[in-house]
Amino acid sequence: MRVAFISDIHGNIHALTAVKRFLSENIVNQVIVVGDLVGYGASPGPVIDFVRREGWITALGSSDMRVAIDLGDRNDRKGVADQVLTWTKKILTPEQLDFLRRLPPGGRITTPIGRVRFFHGSPHAPDQRLDLMAPERELEALADSLGARVIVVGGSHVPFVRVLGDTTFVDPGSVGLTLNHEPGADVAIVDCVGRKPKVSLHKVTYDFASSAFDIMAWNLPPVIADVIRTGRMG
């Protein structure tokens, strides 16, 4: 059983379509999206529609939550992400917003090697990022509480794998706004066979120039275009 995990698409339709082509050439049994369909990128609506059509299992991300759910007055937040999220709220259709609202905070699947759990931040809060570099005892306690052989989280935008005892922790990185100093769309494939899962991290090339152009065409913060081109912030 092979499962592809992707995360942090962030409204980048060019990256997402490239990932779909990649997965058509690298056959998997299931695709799971670990949150953040929207935010930063210029095509949040098309990304939501794409994921809906594909029928991929999808968890709620922190940006998805901030767009779709009224969290009260947050006028004190003026960062780049907040500017784009405010714009995103205005251009999504009611149906697209409703799709985001209905997303679960995470999920689980049963595989030949055991249970796989996935969520964007923490098991119950998409906006509380799990630190995969935390002390071993903290992560081992989490794995025990979840009864999971594989735990997949998002939010860092940097692909990462850590094995502690019988549990493998994975962050797939980001499809739409990777931050590991190499532009491209990040994909993690987990082979759930044998005695232990095997994780492979992939960087998928796509049309960065078109994604950057879309940012400028919609008058979104130009720093986002720079990150798309370089894979780094600042």
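Residues 24 or more positions apart account for 68% of the contacts in the protein chain with a separation of 6 or more. The model behind this figure is predicted. The secondary structure of the chain comes to 8 helices and 10 strands. The radius of gyration is 17 Å, close to the 17 Å that the globule rule gives for 234 residues, so the chain is as compact as a globular protein of that length.

**Overall build**

- Along its principal axes, the C-alpha trace spans about 50 × 40 × 35 Å.
- Of the 234 residues in the protein chain, 55% count as buried.
- The accessible surface of the chain is about 10700 Å².
- Carbon and sulfur atoms hold 50% of that surface.

**The largest pocket**

- How can empty space be found in a structure? Rolling a probe the size of a water molecule over the atoms shows where empty space is left.
- The largest pocket has a volume of about 320 Å³.
- Its lining is made up of 20 residues.
- Which of these lie nearest the centre of the pocket? They are Asp36, Tyr40, Ser62, Arg129 and Gly155.
- Helix H3, residues 62–68, gives the largest share of the lining, with 3 residues.
- By type, the lining residues of the largest pocket divide into 6 nonpolar, 8 polar and 6 charged.

**Helix H2 and its cover**

- Helix H2 runs over residues 44–54.
- Its buried residues are Pro44, Gly45, Val47, Ile48, Phe50 and Val51.
- What covers the buried residues of H2? The cover includes three helices: H1 (13–25), H4 (80–91) and H5 (94–101).
- Strand S3 (57–58) is also included in the cover of these H2 residues.
- Gly55 follows H2, and its phi is positive, near 70°.

**Gly147 in its loop**

- Gly147 sits in the loop between helix H6 (136–146) and strand S6 (150–152).
- Why does Gly147 count as partly exposed? Its relative accessibility is 42%, and partly exposed covers values between the buried cut-off of under 20% and the exposed cut-off of over 50%.
- Gly147 and Gly114 are 33 residues apart in sequence.
- In space, the C-alpha atoms of Gly147 and Gly114 are 8.8 Å apart.

Methods. Residues numbered from 1 in each chain as written. Predicted model: local features only at pLDDT ≥ 70, side-chain atom pairs only at ≥ 80, totals over all residues. Heavy atoms only, no water. 1 Å grid on protein atoms, 1.4 Å probe; cavity = no way out; pocket = protein on both sides within 12 Å on 5 of 7 lines; lining within 4 Å. Points joined across faces, edges and corners; volume = space filled by probe spheres on them. Helix = DSSP H or I, 4+ residues; strand = E, 2+ residues; numbered from the N terminus. Nonpolar A, V, L, I, M, F, W, Y, C, P; charged D, E, K, R; others polar. Rg over C-alpha atoms; globule rule 2.2 N^0.38 Å. Buried < 20%, exposed > 50% of the residue type's maximum accessible area, 1.4 Å probe, protein only. Contact = heavy atoms within 4.5 Å. Areas by Shrake-Rupley, 256 points an atom, 1.4 Å probe, with all protein chains shown as cover.
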